[in-house]
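Student: I would like to go through this model with you, one feature at a time. Could we put it on the screen?

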Amino acid sequence: MQALFNRSRRRFLCQAGAGVLAYAGIPAWLRAMEGMMTMPKGTPNKASPSFNPDIELELICRPGTVSILPGQATRVQQYVGRLMKGPEQSLTEIPGSYLGPLMRFQTGQKIRIHLRNELDEPTITHWHGLNVPALMDGHPMYALDKGETFVYEFEIRNRASMILYHPHTHGITGKQVYHGLAGGILLADPEEQKLELPAGEYEIPIVIQDRLFDEQNQLIYVRHMHDRMIGFHGDRILINGRPDFSIDVASRAYRLRILNGSNARIYKLAWDDGSHMVVIGVDGGLLEAPVHKPYVMLGPGERIDVWADFTGRAVGSQLVMRSRPFTGVLPEMAERMMGGEMGGMGMMGGMRHGGEGKEGGQAMGGMHGGGGMGGMMGHGMGMMSNKLPLGSDYPIFTVRVTRQVSDSPSLPTRLSKITRYQIEDTANPNKPVPLGISEAPMAMLLNGRPYAPNDFLPSERIPFNTLQLVEIFHAHGGEGGHGSGSAGGESGDHGSESKPSEGGGMQHGMMGGGMGMGMMGGMRHDGEDKPQEGGHGMGGGMGMMGGMGMMMSMAHPIHLHEEPFQIISRTIGAQEAEDYATVREGFIDSGWKDTVLVMPGEKVRLIKPYKDYKGVFMVHCHNLEHEDMGMMREFLVE
Ligand SMILES: [Cu+2]
């Protein structure tokens, strides 16, 4: 790693009394939990004279204003692009949008991008889905200070697909994406081009985002702890940065390149007239054959390629894409709060008391520590309701047929060739790489630890040039477990070095008492913190989450950097079956993926190659508030 310098981003947790600890003696992951983490500062990469790009462009991150709603313009952060070399269609501005320019590259092309930061805060860009060397992946250690430039150079190795680019700045990714820093890249390759799919004006990128505006048309972001715990949800849908979006079409087939660019919102996309969604591709490109679905679930970071045929529809007719009702992706209480059902304060007594900290802490069962966070919970529940509750039924965009045409391409029956991996092909058929989701207030984590750079558990070291079986599961709750024992017991074959940590007790104090979660009074606190043999390295003071698990269990879109993967199985717990029935038809697991929506109580197995690049690659929840809370780990491919 490069020269270190202290770019400490202290968060509120460090006010909970941890400041007295001697910094050096604390493990990196615990420092991260306390907001005392030091992010190493990598030297920005410079252009290499030996790299001869086919396409070269400049991308500037800067503040701006865009007129989104009638009246006052909205302050945003945006990518502004300039093509320096290459075909004109490599870079297209989206008129009137805060979104970054749409880029179009071809497999095999060499790309050079000069990213310059003109924001008053650090930023760095990640190419979500692009298979590039670790140095080019936008690791947070390369966050640029104002005025700095990072030069990316890579060759496109991916097959034809849609890529999302956005910041990956430590602790503020969600804020930066929300304020406008995001854009799409369409990759083409010969296999796709042979199909002659709808192109030009008949191929439409659809970036779905939700935003919340104040009365002056300015963006409102995280207001209270609840917005972080469940992820930030706006109450207005924007498509390509525009409200009330509609497209005028001819009566023929279109290709809709749909990307969920929301921070946290999950969609259940369906046509309002009951027509099936015809899906020809997912995150990592074309499926083998089109798939017909009554609806498609799309978590943050996921993409679908939709064949939308308006042939035979009358001029003047319209069709609406909606998000349809579903349940169970949020903790029940959060779901009800969001729907406004809990506007009354009756049962919130405990939570309100949380404002004083101590009572809340005691309700947790022997929490130590003060009431640092309590005040943040003191808001009325009214603030947590949302005009657009997650899982309600609302429109996404409208299609209006305005022209009759006689000609339309027809849907190909075969799209591409995908060789399916088998468990036997993996290097670890009996010992999946664990990705344990743990869920507790202010502690949405992976593998029991908050993100910390260069803090690799043994299971997070991946041998280079192998195919790996990976298992994502809810380490607490879901199956009714308490503490990490259930997870360890269930798949106890993962190597682990769970150690009780000196800081365990203190950590409890901060998370429990500090947050004054009086509402959780009935929750069990397993204060013993025994290391779990054969667990997932989740010892060290995480016991309290066991009892929380059930209550906090929610859906997480898990994203693995580097090469795309294949999902091979999903297993759902019996108690989640009823909720799961409202979403289960909406998963498309037959293609290449880089993000997978993991439902409460669900276990997902996937197979992922680590054959192209060595180095450090992130694995995280793409609920961006969770990511910023530390629900991110690194895999060291070596
Ligand atoms: Cu998450």
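Student: How many bridges join strand E15 to strand E18?
Tutor: This is a predicted model, in which local features need pLDDT of at least 70 and side-chain atom pairs pLDDT 80 or more, while totals for chains, interfaces and linings use all residues. Residues are numbered from 1 along each chain as its sequence is written, and side-chain values use heavy atoms, without hydrogens and water. Strands (E, at least two residues) and helices (H or I, at least four) are DSSP runs numbered from the N terminus, and two strands pair if DSSP finds at least two bridges between them. E15 (residues 267-271) and E18 (residues 296-298) run antiparallel, and the number of bridges joining them is 3.

Student: Which residue of E20 is the bridge partner of alanine 270?
Tutor: E15 is also joined to strand E20 (residues 318-323), antiparallel, by 3 bridges. In E20, the partner of alanine 270 is arginine 322.

Student: Which residues of E15 are buried on the side with Lys268?
Tutor: Buried means under 20% relative accessible area, exposed over 50%, and partly exposed in between (1.4 Å probe, protein chains only). In a regular strand the side chains alternate between the two faces of the sheet. In E15, Tyr267, Leu269 and Trp271 are buried on one side; on the other, the buried residues are Lys268 and Ala270.

Student: What is the angle between the planes of tyrosine 178 and phenylalanine 232?
Tutor: Rings of Phe, Tyr and Trp (its six-membered ring) pair if their centres lie within 6.5 Å; planes under 30 degrees apart count as stacked, over 60 as edge-to-face and the rest as tilted. By this rule there are 16 aromatic pairs. Tyrosine 178 and phenylalanine 232 form an edge-to-face pair, 5.1 Å centre to centre, with an angle between the planes of 80°.

Student: Why does this pair tie together separate parts of the sequence?
Tutor: Tyrosine 178 lies in helix H2 (residues 173-178), whereas phenylalanine 232 lies in the loop between helix H4 (225-229) and strand E11 (236-239). The pair therefore ties together parts whose separation in sequence is 54 residues.

Student: Which residues coordinate the copper ion?
Tutor: Donors are N, O and S atoms within 2.8 Å of the metal (3.2 Å for Na, K and Ca); water is not among the atoms, so sites may look incomplete. The donor residues are spaced H-x64-C-x4-H in sequence. At 2.0 to 2.1 Å, the copper ion is coordinated by His556 (ND1), Cys621 (SG) and His626 (ND1).
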